[in-house]
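Subject: Handover of a structure and findings

Dear colleague,

Please find below the structure that I am handing over to you. My findings follow it, arranged by chain and by element.

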Amino acid sequence: MSDPITDKETKVKMSDHRQSEFLKIVGGVAKNPLGLIGLIIVGVFVFCALFADWIVPHDPVGMNIKDRLQGPSTTYFLGTDQLGRDTFSRLIMGSQVALKVALPAVFGAMFIGLTLGMIAGYGPRWLDNFLSLIFDTIRSFPTVMFALAVVALVGPSLQTVVFVVMATSIPIYGRVARTQTLALRNSEFILAERSMGASLFRILGIHMMPNIIGVLSVLAAMDIPTVIALEAGLSFLGLGVKPPTPSWGSLLKDGYALIRQTPWLIVAGGLPIIIATLGFTFLGETLRDVVDPRLRKNR
Amino acid sequence: MTAPLLQIDGVTIDYNTKKGNLRALRDISFDVNKGEIVGIVGESGCGKSTLISTILQLLPQNAEWKKGAINFKGKNLIACSEKEMRDMRGKDISVIFQDPMQSLNPVITIGRQMVDIQHRSTSPYVEKWQKAIDMLSMVGIADAETRLKQHPFEFSGGMLQRIAIAMALMSRPDLLIADEPTTALDATLEVEIIKRLKDLHKEMGCSILFISHHLGVIAELCQRVVVMYAGSVVEFGSVDEIFFNPKHPYTRRLIECDPGHIKERAKRLPTIPGEIPDLTEALEGCIFQERCSEIIAKCKISTPHFVSVGQNHQAACWLNHNQEPE
Amino acid sequence: MTLLSVSNLKTSYGKTTVLTGVSFHIDEGETYALVGESGSGKTTLIRAIAGLAPAQDGLILFQGKNIRGLSDRKMRPFRKDISLMFQDPVGSLSPRLTVGGLITEPYRIQGMNNRDLNAEAIRLLEMVGLPADMAGRYPFQLSGGQARRVGVARALALEPKLLLADEPTAGLDVSVQGELLNLLNDLRDQLGLSMLIITHNLNIVRHVSDRMGIMYLGQLVEEGTTEDVFHHSKHPYTRALLSASPKPDPHAKMDRIILQGDPPSLLKRPSGCEFRSRCPFAKDICKEKPEWNETHGHNVRCFIPLS
C-alpha cells in the first residue's frame, strides 16, 4: 500500500519554497549524525586545502637534516621524515594536492559524462549505441594500467593524474545520466515541452538536467575519495605528482620505505586518506538519502 | 440481533508531520454487519487509505493513535499482537487494491502466487493448485489451467483485477476490503467487475467494505453508505436514504456534481468550489464550513454531532438540529 | 470552415498497428470528442496530430496544410496554433520550474521575450481562476485541480486555434471535474477555440462536445453529433459503452449490454469486423469487413446497426 499521507493531504502552505534548495539539503545532511560527521571532516579537509599556506607550522619542503626521522614532539606534531621535513606540514600541503586532483577530475568527469549521457539517452538510437560502446570500452580498461600507459607517454604530473581519473570516470557518469534520460524522455512534461516546440538545448538543459544532476552529485561525492586514493596510489608508484611536492601518496611511499625505523611516518600518511574517504562516503550516502526522498521514505 | 462483524468506534488518528499534527481521521464510527456490503464514498484526502491501514493495523510509523476502538468478530484489534494481526490479514480480512498490476509479483506465475497465498493450509500442492483453478473459473477466467502458468503481464487489466479478487477470496474471508477496485478500469470492464463482485457476494456471503469515489458504482453495489470528508464521517445510512434523501450538504453537492446524474447537456456543471481544508491546522466547527453554501453561524463555532434523520440514517450537520433554537 | 481534417491516418509501432485508418474533421469553433477505452489508440492519435507520435500513412490537414510526419523543426510554426494538454495534471509540468515559469514557457520558446512575462503570468493565472501568488509554487505543491488549471493556462498562453486535450478530467475529483469543464467551455467561447477532447468518460463528453466519435481498436466505429450518438446510437459498442456507466441511483434499471470477454490484443486483431469477438449481436456477415456508412453526418461502421 502506498503511503497514506498523500501530497494532497499534507497540503503545503507556501512559506518555505523560496528557501534555497542548497541550504535545505545541507540542513538535511546535518540532521543525520553520520552526515554531520561527514560534513565536518569534509569541511576541515577543504579548510586545510584552502588555507594550507597559513596553517603549516613549518615549510613543508624545507629540509632540516639535523632533525631527520624524529618522533612526534611539540615542535613536530607528527615527526619528520628522512630529510627532516615536518610530516604534519606535508600532510596539510598534501590535502591541497588531493583536492586539486579530485575536484577538477570529478567535476570535469561529471560535466562531460552528463552531457554525453543526455545526448546518448535523448538522441537517435545509433548515437546511443555508439556512445554506449565507447563508455563500455573505456570502462573495460583497468584504471591503473591506463594510468601507467598515459604516464609512460607524457610523463608524471598533476595534470596527467587529473586526465586519467577524468577519462576513466566519465563513463560512470555517462551511464547513469543516460539511464536517467531514457527514463525521463517519454515523461509527459518532456513531451509537453516538445509539443510547445522547445529546442533540444532547452529540453536537455532546462528540463532534463536539473532532474538528473542530483543523482550525479551524489555519485560525485562518493567518487571523490576513490579519486583521492587513486592519486595517492599513483604517487605511491611514483607516477603522480613530482617530488618534492608533498602528496598523501608520496608520504605513504616515503613512510613505507622506512617502515622499520619510523612506523609513525606511514601511519601519518595513511590516516588522512582513511579519514577523508570516510568523510566523503558518509556525506555522499547521506546526500543520496536527502536528495532522493523515495529512499528516505523506505527507511 | 447479532453483533456487527466490524465495529469502528470513535477512531481518531494523527500523523506527525513536519508541518505539525495532521488530523487524518477524526472520530470515525461505523459498523459493517455480517454479509453486508458497505460503501465508503469520499474524494481524495478524505482519509480512505488511512482507514484501511487502520483496520489492518498497518499504519506508518508517524501515525499516532489518539483514541477509539476497532472490534472485529468481537476481538479488539488494537489489543491484538502483531502475530495475531498477521494471522488475521489475508485470512479473515482480505484486501483488493486499485492497481492489480502492482499487487501481483511480475516475475512469478499467477499459479505460483495463487498456491503461495494458501500457505496457511496444510493440504497437498495438487489440492491447492486445483483450488486455484476453481477460483479462477469462478471469477470467469476461461481456460484456467493454462492461464495459471502465465505471468501477470500476459493478462489485461480487467483480468488481473479478477485474479486479484479470486486471490482475496481464496481463504473465504469474513471481510473483503475493496479499495477503488474499478477506478483503473474501463467502463465496460468496470461493470463486469461489479457484477462479478455481486455474484461472489451472494455465493460466499462475506461482508464487503467497498471504497470508491464513484457514486454510480456505490449506488449499484452497496446496501449501506458512509460518506467521508476530510477525515470525518459526515453522513451514513442505507443506500436509498443517502441517494434519495441526503441530509448533509456535502452529500447533496457530491451527488449533484456526478455528471452521470445530469442527463441533458448543461452549459454549466455544478461544482463544489474551494479545496479540502489544511488538516494540519486547527479548525473550529464543522469540517465542511469553508465550502458549504448553506452555512449558518453555529457551523463556525462548534463541530456538529450526529443526529438521526431517518431510519438507520444519521448526518452530522447543524441544519438538521432544527429543534434547537439558535 | 474546416480547421483540422484527418484522413485515413495509420500508425504502427513495429508489428503492432495502433491506428488502422482514422478519418474525421473539426470545424472552426467546434468541440469534437473522441471516446474510447484503453488500447483504442486515442492517445496515439492525439499525439500524432501534435507531431509527437509517428503516423506512417494518411493526411493531417491543419488549415489545409499537411502536417503529418513533420520534423520537430518544421512543425514549429504550427505549435503556436495547436497546443496539447496531457493526461497527468502534475506529471506534465516540469518539476523544477515554478508555476510562473511554466505558464510563460511558451513565450520563451517562441522567442517572445520582449513581453512583460510577469504581467502575462498574472493575466494567465487570472484567466484560469488561480490567485496570482500561485506563480511562485512548484508543481508538487499543487493539488490535482490546480495543476490542471496551470496546464490549461500554459496550453492557452499563445491563444492557439486548436486545443488538443488528452483526458482533461483524469485524476480529478468529481467536485473539481465540473469546474474544469466549465472553465474549458468559457474559454472556448471567449477565445473562439476549437477543441479535440479524447476521453474514456462518456459522462463528461455530453456537456462539452458538439460532435463525437467512438473509437475501437484504432478505428472510428461511430460518429455523429453528441445528441445523435447519445440518443440514437447505432453501433453495439457505443450502446454497450453508454449502458456501462453506473448511475448514482440505486433503483436505476439495468438494461445493460455486458460485453463478453476482454478487448483483443492489438497483435491478434479479429478478422472481419474487429468488434465481432465481443459483440452480443454478431452474425455470420460480420466475418467480412464492414464499410464506413455515412448518413447525414451520423456515421457507423456496422453491418447490422441498431435502431
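Two strands are said to pair if DSSP finds at least two bridges between them. The model is a predicted one, and the findings below should be read with that in mind.

In chain C, strand β1 (residues 2-13) and strand β4 (residues 57-62) run antiparallel and are joined by 5 bridges. Within this pair, C:V6 has C:I60 of β4(C) as its bridge partner. Both strands belong to an open sheet of 4 strands, whose order is β2-β1-β4-β5 (chain C) and whose pairing is antiparallel. The edges of this sheet are formed by β2 (16-27) and β5 (65-66) of chain C, each of which pairs on one side only.

**The eight-stranded sheet of chain C**

Chain C also holds an open sheet of 8 strands with mixed pairing, in the order β6-β7-β8-β3-β9-β10-β12-β11. Its edge strands, β6 (82-85) and β11 (293-295) of chain C, each pair on one side only. On average, neighbouring strands of this sheet are turned by 15 degrees against each other, direction ignored. Helix α1 (residues 42-49) of chain C packs on the sheet and touches β3, β6, β7 (162-166), β8 and β9 of chain C. The direction of α1(C) makes about 150 degrees with that of β8(C).

With strand β8 (residues 194-199) of chain C, β3(C) pairs in the parallel sense over 5 bridges. The partner of C:Y32 in β8(C) is C:L196. Strand β9 (residues 211-216) of chain C also runs parallel to β3(C), and 4 bridges join the two. In β9(C), C:R211 stands opposite C:Y32, and C:M212 stands opposite C:A33.

Is β3(C) mostly covered or mostly uncovered? Strand β3 (residues 31-35) of chain C is mostly covered, since 5 of its 5 residues are buried. In a regular strand, the side chains alternate between the two faces of the sheet. In β3(C), one side carries C:T31, C:A33 and C:V35 and the other carries C:Y32 and C:L34; these residues are all buried, and both faces of the strand are covered.

**A helix pair in chain C**

Helix α3 (residues 99-109) and helix α4 (residues 117-127) of chain C have axes that come within 9 Å and cross at roughly 110 degrees. Angles of 65 to 115 degrees count as roughly perpendicular, and α3(C) and α4(C) are therefore roughly perpendicular to each other. The crossing in which α3(C) passes α4(C) is right-handed. On the side of α3(C), the contact is made by C:V99, C:G100, C:I103, C:T104, C:Y107 and C:R108. On the side of α4(C), it is made by C:L117, C:E120, C:A121, C:R123, C:L124 and C:L125. By class, this contact of α3(C) with α4(C) has 7 nonpolar, 2 polar and 3 charged residues.

**Strands and a hairpin in chain B**

In chain B, strand β1 (residues 6-17) and strand β4 (residues 63-72) run antiparallel, joined by 8 bridges. B:L6 has B:F72 of β4(B) as its bridge partner. B:F72 also stands opposite B:K75 in β5(B). β4(B) pairs with strand β5 (residues 75-76) of chain B in the antiparallel sense, over 2 bridges. These two strands form a hairpin with 2 residues between them, and B:K73 in the turn has a positive phi of about 50 degrees.

B:D179 lies in strand β7 (residues 175-179) of chain B. Its relative accessible area is 15%; buried means under 20%, so B:D179 is buried. Leaving aside residues up to four places away in sequence, B:D179 touches B:I52, B:I96, B:F97, B:Q98 and B:I211. B:D179 and B:S302 are 123 residues apart in sequence and 32 Å apart in space, C-alpha to C-alpha.

B:T251 lies in helix α11 (residues 249-257) of chain B. B:T251 is also buried, with a relative accessible area of 3%. With residues up to four places away in sequence not counted, B:T251 touches B:V227, B:V234, B:E235, B:I242 and B:P246.

Yours sincerely

Definitions and conventions:
Residues numbered from 1 in each chain as written. Chains lettered and ligands numbered in written order. Predicted model: local features only at pLDDT ≥ 70, side-chain atom pairs only at ≥ 80, totals over all residues. Heavy atoms only, no water. Buried < 20%, exposed > 50% of the residue type's maximum accessible area, 1.4 Å probe, protein only. Axes fitted to C-alpha atoms, helices over the stretch in contact; angles between N-to-C directions. Parallel < 35°, antiparallel > 145°, perpendicular 65-115°, else oblique. Left-handed = near helix turned anticlockwise from the far one by under 90°. Contact = heavy atoms within 4.5 Å. Nonpolar A, V, L, I, M, F, W, Y, C, P; charged D, E, K, R; others polar.
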